[in-house]
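Please open the structure in your viewer and keep the selection tool at hand.

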Amino acid sequence: STGVETFEFQAEARQLLQLMVHSIYSNKDIFLRELISNASDALDKLRLEAYTDKDLEVDTADLHIEVEVDRERRTLTVRDNGIGMSRDEVIILIGTIAKSGTAELLQKIRETKDAGGSQELIGQFGVGFYASFMVADKVTLLTRRAGESSATRWESDGGATYVVETVDDAPQGTSVTLHLRPEDQEDQLFDYTAEWKIREIVKRYSDFIAWPIRMTVEKTDDEGKTTSEIQTLNSMKALWARPRDEVKQDEYNEFYRHLSHDWTDPLETIHMRAEGTFEYESLLFIPSRAPYDLFMRNAKRGVQLYVKRVFIMDDCQELMPEYLRFVKGVVDAQDLSLNISREILQQDRHIQLMRRRLVRKVLSTVKDMQANHAERYQTFWQEFGRAVKEGLLGDFDNQNTILEISSFASTHDPEKLTTLAEYVARMKEGQTEIYYMTGESRSMIENSPHMEAFRAKGYEVLLLTDPVDEMWVDAVPNFDGKRFQSIAKGQVDLDTDEEKEQAGAEREQREKDFAELLSWLTGTLGEQVKEVRLSSRLTTSPACIVGDAEDITPTLEKMYRAMGQ
Ligand code: ADP
Ligand code: MG
């Protein structure tokens, strides 16, 4: 073995560790869930690598997870014979947090901590390996990567530093040993060396893990003789493969938390099975709140691909379009090769059919929520509406469905959003278009001079304030045969024929009266405007700037500029 080297945790990792050590998370049991989840991932990875890399010499005959307790030494060890980590991997994967947005999230956690609201944020984050430090004052990790001969020992007390040492012999895979904090005499509930406790946590959080989780248990028979035996603690049943009516919502929720690292229950659970020539099972979830990185670049999509119960990949982009990136879940296909690559996935006709069906199912679930569970739908729209509207730009097959499930702020009711169907039902006689205006905020739009004539005449106007609104209004031709018309662009005709006749005469007269002023303004403003004309749209403001029908709006102009175009 070589000398021991000391390293400092990356700043963000140190902050997260501090939060763990001071245990702002009230549910400490989840440390075991995190370690088992990592072990399970490591076994998945090894099996996949063994399939795809024929030169890798590993024994995959008995892949499993082991939990071992030493009551005297007060240690708890979680061991797997999975992929393991190289020395460099240990330093990068365990010593740093690579997730994007970590710094922002930690900042938010600290800010809300005093307000007692940090649990939810932490839950969104998925505390992972560091959760060990909620219950341990020292953690030792020993790991050897599949295919490598030397192993690595890592140790830390959760402070600012950790030590790393290269060691000669260790079994392939990873073992994590927690040196548990001194026993809390009062609270038997937190005795993590008790067999019943471990059994309970595994059953609650990790029952569906596809690998056996084993523990050696002592048994005393009728004659008082004690023997030990190895037991498997989990049922290993893939939840998505079980018939729907046999799965309890609690089990679905737990599986969702395992997949998503979310703390709350999902808003909707969508479990379906497709039979026929191309069979697959899928279990999808709509979360009840947006993840912190929903609008960050490279945010991951939440659907995992399995083939015949074998995990193939996370973040399977081919199965869910970007605008539904918040949907979490598992799709397990029967007839794909385990060696399938992303390139092949992109071209596979079956995958495309699957995706189309999954998307339709998610959208119809939202539609059903909208029709039958108004409150849940409102939560959904508040959390994910902005992302869903992105679909209007690319998913032409479902454009109409997306319009149907969308809600918008409108001048009709300051408190409530409206659907387009509701807008259309309220349209005034003779109105043929859906009026809208885009802008940065509701109040900005409402105070805009463009609004005056519409308000005066009692026309309802949609108030679109999301950046994506600027784009889809141009991409979507109409809803229910009614065109979308910006009240800030081109000529909007609000008058009836009679009014027009009368106005025509008045207008001629007024144009004569103002001819001198108009030509003076045109000359003075010069290059800055195309034309100065009299308007019938204003009732109280003296003047306003109007875009040409084909001009881009000021907000869009800003967006393009921000994108460097
Ligand atoms: P996450 O699992 O969300 O990536 P963790 O903090 O739980 O975050 O783990 C960090 C990384 O450390 C994992 O992504 C994985 O690469 C590595 N790791 C942790 N535990 C193991 C293990 N038992 N075997 C192999 N790699 C592991
Ligand atoms: Mg993890």
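At what angle do helix 10 and helix 15 pack, and how far apart are their axes? This is a predicted model, in which local features need pLDDT of at least 70 and side-chain atom pairs count only at pLDDT 80 or more, while totals for chains, interfaces and linings use all residues. Residues are numbered from 1 along each chain as its sequence is written, and chains are lettered from A and ligands numbered from 1 in the order in which they are written.

**First stop: helix 10 and helix 15**

Select helix 10 (residues 374-394) and helix 15 (residues 467-475). Helices are DSSP runs of H or I with at least four residues, strands are runs of E with at least two, and both are numbered from the N terminus. The two helices pack at an angle of about 30 degrees, with their axes 8 Å apart. Axes are lines fitted to C-alpha atoms, for helices over the stretch in contact, and angles run from 0 to 180 degrees between N-to-C directions. Helix 10 is therefore roughly parallel to helix 15, a term for angles under 35 degrees; over 145 counts as roughly antiparallel, 65 to 115 as roughly perpendicular, and the rest as oblique.

Now display Arg386, Lys389, Glu390, Leu392 and Leu393 of helix 10, which meet Val468, Asp469, Met471, Trp472 and Ala475 of helix 15. Contact requires C-beta atoms, placed from the backbone, within 7 Å. This contact has 6 nonpolar, no polar and 4 charged residues. Ala, Val, Leu, Ile, Met, Phe, Trp, Tyr, Cys and Pro count as nonpolar, Asp, Glu, Lys and Arg as charged, and the others, Gly among them, as polar.

**Second stop: helix 9 and helix 10**

Val366, Met369 and Gln370 of helix 9 make the contact with Arg376, Tyr377 and Phe380 of helix 10. By class, these residues divide into 4 nonpolar, 1 polar and 1 charged.

Move to Leu345 in helix 8 (residues 342-347). Is Leu345 buried or exposed? Leu345 counts as buried because it has 20 C-beta neighbours inside 10 Å; buried means 20 or more other C-beta atoms within 10 Å, exposed 12 or fewer, and partly exposed in between, with C-beta atoms placed from the backbone. Leaving aside residues up to four places away in sequence, Leu345 touches Glu318, Ile340 and Ile351.

Select Met236, in the loop between strand 9 (226-232) and helix 7 (249-260). Most residues other than glycine have a negative phi. Met236 is not a glycine, yet has a positive phi of about 65 degrees. Next select Asp315, in the loop between strand 13 (310-313) and strand 14 (328-333). Asp315 has a positive phi of about 55 degrees, although it is not a glycine. Asp315 counts as partly exposed, because 15 C-beta neighbours lie inside 10 Å.

**Last stop: ligand 1**

Finally, select ligand 1 and the 15 residues around it, of which Asn38, Ala42, Gly128, Phe129 and Thr174 come nearest. A residue is near a molecule if its C-beta atom, placed from the backbone, lies within 6 Å of it. Helix 2 (30-52) and helix 3 (87-95) are the elements that give two or more residues to this shell. Helix 2 gives the most, with 4 residues. The shell divides into 7 nonpolar, 6 polar and 2 charged residues.

Methods
Two residues are in contact if their C-beta atoms, placed from the backbone, lie within 7 Å.
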